[in-house]
Amino acid sequence: MFTGLKLCGLVAHLVPNRHSSPASLPLHNPQKQSPEHLPKISVLVPLYKESAISSALLKRLARLTYPQDRMEVLLVLEAGDSLTQQTISEATLPPWISAIEVPAWGELRTKPRAMNYALNFCQGEIVGVWDAEDAPQPDQLQKVAAAFAAASPEVACFQGVLDYYNPRANLISRCFTLEYASWFRIVLPGIARLGLVVPLGGTTMFVRRAVLDKLGGWDAHNVTEDADLGVRLYRAGYRTQMLATATYEEASCHIAPWVRQRSRWLKGFMATYLVHMRQPLHLARGLGWRGFLGFQAFFLGTIGQFLLAPFLWTYWLVFLGLPHPSTAVLPDMLLFLGVSSLISFEALGMGIAACGAFASGRPRLALWVPILPLYYLMGPIAVYKALYELLYNPFFWDKTSHGMHPPDRNAQEHVASDQDP
């Protein structure tokens, strides 16, 4: 199912879309919109122990070209995080940037809980989210405003493209960048174009404030509140579209941080799946048969590809001419099917990654596609860590460290460009 979902995304990417709405197309001159008709946009930037990156964040926000009287950026700080609070207090913030301190409440300290609190202070009719290490393109908010103006009322959310600004740090960062290019440049736009559930990316997502209030904000207990919100939007009859603008982040470049970050994502996917599947028939009626199948394919596929990976990898023994442990109980046809499926899955993933490299404007990254199978060896470690935490510590937010690697020069040029790279 997951392979089918990725294949549909690839086909949708390759087949020209003759019925694209203006909101889904690149906007050539968003600056020409009349300022008095621009919507007020509020952007939440949750920060926790981010002193090393706070100064860089403020410099990146200063590059935004949206009219300052039509936007506000709220830096969301946790009570007790004196490190980040001191860094922010020493900076001179422009009038459109303010800091909000989220009071402590029990032991729950998650990004969605902080954003729910900060939502009370937002004045914009559109609410967006950026992460601490994000580098959005300067004209991103103009594109957001133009996209919502051209969209139908049922389109409640736009998801921008996420990319990395340090792909050349090491092998892990290169593969991570390829993985993001595959997802945000190829598969996710295809999913959105097919009208399926779009699991949001956690940053560079913009949603109508009225709809967000109607849905009750974010799930404060979910460590992937973005994916959960994407499902809830779809269940409520709203749709999410992709936006032709990119935000650059810092890729986790070492094994331990990568595993911690991926385990948090996978744990959140597990929780989201279990929450929405409490009443499967009710979910199926809310999503429709196509949305329900897409939901199953994404969540079961994302989790299952890592949970079952050690078993699937045993079929490489057959490919290498060695006996498989199940030879005595499985007919040759099933063994051949297993090997063929494994090779097909790997080939499709590599093909999508190569397309993503070209779509992201980094064709040389395609040369690193053959090492992706080695990169995914970390996946089972992350998923079994996630499974353990789901059972024993489901609300624990395993924080990712940022500020370890500076942006590549070519990535800086992409960020400064007004065009989608």
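Hi everyone. A word on conventions: residues are numbered from 1 along each chain as its sequence is written. Because the model is predicted, local features need pLDDT of at least 70, side-chain atom pairs count only at pLDDT 80 or more, and totals for chains, interfaces and linings use all residues, while side-chain values use heavy atoms, with hydrogens and water left out.

Let's start with the sheet. Eight strands make an open, mixed sheet, ordered β3-β2-β1-β4-β7-β6-β8-β5. Strands here are DSSP E runs of at least two residues, helices are H or I runs of at least four, and both are numbered from the N terminus; two strands pair if DSSP finds at least two bridges between them. At the edges stand β3 (97–102) and β5 (135–136), each with a single partner strand, so one side of each has no neighbour in the sheet.

Now look at β6 (155–164) and β7 (205–208): they pair antiparallel over three bridges. C157 has V207 of β7 as its bridge partner.

Next, the helices. Helix α5 (140–150) lies across β1, β2, β4, β5, β6, β7 and β8, at about 175° to β8. Helix α6 (171–193) lies across β6 and β8, at about 155° to β6. Those angles run from 0 to 180 degrees between N-to-C directions, with axes fitted to C-alpha atoms, for helices over the stretch in contact.

Finally, L171, which lies in α6. Leaving out residues up to four places away in sequence, L171 touches W368 and I371, where contact means heavy atoms within 4.5 Å. L171 and L372 are 201 residues apart in sequence, yet their C-alpha atoms are 9.6 Å apart. Thanks, everyone!
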